[in-house]
Every structure is written in C-alpha cells, then in structure tokens.
Amino acid sequence: MKSLAQSVHAPLGGPGSLQRKLAVNIVLALLLAIAMSVTILISEFFEHLEENLEETLLREANEVLVQTDPEAEHYGLPVQSLRFRGAEGAYRYTVFGPEMELLAGGETSPQIKAQVAPLPLGTATEIDLPGERRGMALCGINAGMKICVLASAYAPIADTSILDAMWHEVEEQIIWIVLGAVLVLSSALLAARLSVRPLDRVMQQAGSIGPDAPDQRLSPEGLPSEIVPLVAAVNSAFARLEKGYRSQRAFSSNVAHEVRTPLAVLHSSVDTIGDAEVRQRLKQDLKQLEQIFEQLIDLARADALEPSTFQKITLDDLAVQISCAQAPNAIRAGKSLAVTGAKGVRIRGNAGLLAIALDNLVRNALIYSPAGTEVEICVMANPPGIAVMDRGPGVPEAEREALFERFNRGSEPGRGKGSGIGLAIVKAVAEAHGAKVDIADRDGGGSRFSIEFS
C-alpha cells in the first residue's frame, strides 16, 4: 500500500507505476515527434533551397537569353567576365547558337551539348553537370535566331553560408518545438497524474478491508472506465473471501461450544469409574482436552474480534491482575512473579482477550523457567506494550516466527507438553488490536515475549 501511495504522489510515479509508464511513453512519443519534425524541417529546407536555386538559375538563363544580341559584338555579352570565362563564380553562363556552336562560356562538353541540343523552345530543363554544380538550360528565339543558355551554380549543400543559414533556421524552429514539447509533456503528465489520483482513494479503501471490516468494498466512483471492471472483479473476490471467512469463523466457534456439553457428560461418566488409577488418568486426559477446547474458543473469539468492542485499558492494571491470578502457580513451582515498568499506560482494546493473551505468555514463562527464578511482566510506554521475560532455555531464532503458528509446539526439550494453541491465541489477539508480537533473547539468558501496540 505504501509503495502505491508513493507511486501516485511522486512527480513521475514510482517504479513500475502506471503514471511512470504513461510519462515514459509520452516522453518517447514526444522525442520521436521532435526527431521527425527536425528531419522534415531539414528536408523541407533543402527542398526549398533546391527550388529556389532552380528558379534563380532559370531567371538568370532567361535574363542572359533576353540580353543576347546577334547583331552586336560578342552577341552583346561580357564574354571576358568571370561568369562567362571562369568556374569560380557563384553563377556561370554558357550560350549556344542554332547549331550548338559556342557563343560564350566554357561548359561545352559533348555530354552537356547532347542534353541541351534537343530542348524545345521556351522549356526550362535541368542539365546533369559533373561535380557539385547544378544547371538549368533554356532555349528561345532572339532576333530570329535560336539561342540556348545554360546557367549553373554550386549546389547549396556545398555552400557553408547556406548551411549556417539552414542551421540557424532549424535552431529557431527547434526552440519552438522544444517549448511546445514541454507544454505538451507538462499537460500530459498532469493529465496522467489526475487520471491515477482516484487509485489513491481505492488504495485507502482496500487498506480498510480486513477481519474487523470484511464487508467493506472498493468504490468505482471516479475511476477510469478501463479500471472499473478490475474493481468489480476485486469486489467479487472480496465477497467470496468474506463468505468463506465468516463460515470458517462460525464453524470454529460453534464446534468449540458444542463440545462443552459432551465433555461435561464425559466428566460425570469418568467419576463413576471404580478403578482410581484409571479414573485419575482419564481425568488428566479430560483436563487436557478441556484446555484445548477452551483455547479453541479463545482463538475463535480473537478471530471474531471487532474494534467496535474496544474500551480503554490500563496495561499495568492488566499486568497486576494476571500476576495475582498466576501467583499460586508460581509459588507451587518455587518461582516468583514481578510487575515492572511504566504506570498509567492506556490503550484501547478488549480487556478479556488481552488478559487471556497475557495469561498464556505468563503461564508459558512459568513452565519453562527454572525453579528459584523470577518471571517479569514489564509494561512499556513508548510504544505502549507489555513484555513477559523469563530465565528459561530461550527460543532458537529460526523457530521464533513458526512458534506462533497454530499447533506448533517447538523442538526444544520440554516443549510439546502444551497444545500448540496458546501462542497462536496471543498472535491472533495482538493482530486483532493492530499490535505485533515478538520474541527476543533476554539479557542474562532467557526469552522476552512482547506485544507492542501502534
């Protein structure tokens, strides 16, 4: 439950949470969108540059074509200028006559002529040039003479200034893309957070379901429609568990109570046996059987305990009460009892069941403590609780948790005389009060059995 709460309230959700998965998927989708946007932007930029270059070359070719004058010297063209005689200029022009004779310029390879010669009048066509230059050719009639003009330039990719301009343009667009992505991501994360917030309420409802409130159910109100069927299935499972729990609890309680009458009849029958030895042995067996069923009744009561029955209890008064009740047994066994610790420590609980649990702990401590030793009942204040300490053989650490299981008598010598239910009752009573039980080694030897309340 705690991890779910952390997942809901963390900025990006906890590990494995729905909120974090949504956030990661949104971030990946945004990164993909940004990458695609940048790719498209660069592609469009170069395509735009190519279109601009084609338009510029066509405009230059048309301008040269219009300026050509067959009656003027050198056809009215500045043939000695860089654009007609050199390859270093940004633009370069080559002019062909009707028979593809060179009028001006220097791009006169057979491959170029073969591409320009068949061009129809007035049609601009891209010419394939060697290297990184791009060319556009245009043929027209000037003063009754067919003239073809080839205008060429370096491709934009080879121009550093154009690359810088492209990067500047992309950089400006990326800033807007990133700003948009941040806004979209923030909105998406907020939406994801709001979407999973109802799970916090469901988590709290689930935490309230237990033996003391088995009829509680999860509310689907406000949940996403995809989660509602899951909540319905969980509620159905809770209903089945509640039915089984109530049936088992009723069965345990009824069996324990119904056996009391046959035991009483059996007691009367045993008293009529003439053989004293047999009669005494059967009475011992009956006593043990009665103890087992009494413990089963206590266990059923602990399982059925409702917090609504709790009242204020003073722990040191409870310790004194049990100490007085067990004092005769301690004296007969040559042992002593002491109540120590804080005074006036109060909790809310069921006094009868807590007395049974503490009585079981004290009885066990007297059984396993050597003669001449003292069993101490210590009341604790922070956190509130009560501990029973003895000078017995102790409990191996590997067996401590299992010792609270029902019908587990432990493996130490001397154990196994009881029914294996006493400590199970202690654990059931503690859990019904929201407390925890613990076994530890006592300083100087022995065991320390404690019940700590939250």
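Two strands count as paired if DSSP finds at least two bridges between them. In this predicted model, strand 6 (residues 311–314) and strand 8 (residues 346–349) meet that test: they pair in the antiparallel sense over four bridges. Threonine 314 is the residue that stands opposite arginine 346 of strand 8.

Ile347 and Gly349 make up the covered face. Arg346 and Arg348 make up the uncovered one.

Now move to strand 5 (residues 145–154). Eight of its 10 residues are buried, so strand 5 is largely enclosed by the rest of the structure. The cut-off for buried is under 20% relative accessible area. Strand 5 has antiparallel partners. Strand 1 (residues 91–96) is joined to strand 5 by six bridges. Here tyrosine 91 has alanine 153 of strand 5 as its bridge partner. Strand 4 (residues 133–142) is joined to strand 5 by 10 bridges, again antiparallel. Here methionine 136 is partnered with alanine 151 of strand 5. Strands 4 and 5 also form a hairpin, with two residues between them. One turn residue, alanine 143, has a positive phi of about 55°.

Together with Glu44, Glu50 and Glu51, Glu55 forms a negative surface patch. Leucine 31 is also found in helix 2. Why does leucine 31 count as exposed? Its relative accessible area is 51%, and the cut-off for exposed is over 50%. Leu31 belongs to a nonpolar surface patch with Val24, Val27 and Leu28. The accessible area of these residues together is about 330 Å².

Salt bridges come next. The structure holds eight of them. Glutamate 277 and arginine 281 form one, at 4.0 Å from N to O. These two residues are four apart in helix 8 (residues 276–303), which means that about one helical turn separates them. Glutamate 277 is exposed, because its relative accessibility is 60%. Arginine 281 has 46%, so it counts as partly exposed.

Aspartate 359 and arginine 363 form a salt bridge, with their closest N and O atoms 2.4 Å apart. Is aspartate 359 buried or exposed? At 14% relative accessibility, aspartate 359 is buried. Arginine 363, at 30%, is partly exposed.

Next comes the salt bridge between arginine 442 and glutamate 376, where the closest N and O atoms are 3.1 Å apart. This pair links distant parts of the chain, 66 residues apart. Arginine 442 sits in the loop between strand 11 and strand 12 (447–452), while glutamate 376 sits in strand 9 (residues 374–381). Both arginine 442 and glutamate 376 are buried. Elsewhere, salt bridges link Glu54, Glu126 and Arg134 in a network.

Strand 11 (residues 436–441) contains isoleucine 439. Isoleucine 439 has a relative accessible area of 6%, so it is buried. Its C-alpha lies 9.8 Å from that of valine 388, although isoleucine 439 and valine 388 are 51 residues apart in sequence.

The last stop is helix 11 (residues 422–432). Eight of its 11 residues are buried, so helix 11 is largely enclosed by the rest of the structure. Which residues of helix 11 are buried? They are Gly422, Leu423, Ala424, Ile425, Val426, Ala428, Val429 and Ala430. Just after helix 11 comes glycine 434, with a positive phi of about 70°.

Definitions and conventions. Residues are numbered from 1 along each chain as its sequence is written. This is a predicted model: local features need pLDDT of at least 70, side-chain atom pairs count only at pLDDT 80 or more; totals for chains, interfaces and linings use all residues. Side-chain values use heavy atoms; hydrogens and water are left out. Buried means under 20% relative accessible area, exposed over 50%, partly exposed in between (1.4 Å probe, protein chains only). Patches are made of residues with over 30% relative accessible area and no salt bridge: like charges are joined within 9 Å, nonpolar side chains (Val, Leu, Ile, Met, Phe, Trp, Tyr) within 5 Å. Accessible areas come from the Shrake-Rupley method with a 1.4 Å probe; for residues, only the protein chains shown count as cover. A salt bridge is a side-chain nitrogen of Lys or Arg within 4 Å of a carboxyl oxygen of Asp or Glu. Lys and Arg count as positive and Asp and Glu as negative; His and the chain ends are not counted. The place of a charge is taken as NZ of Lys, CZ of Arg, CG of Asp or CD of Glu.
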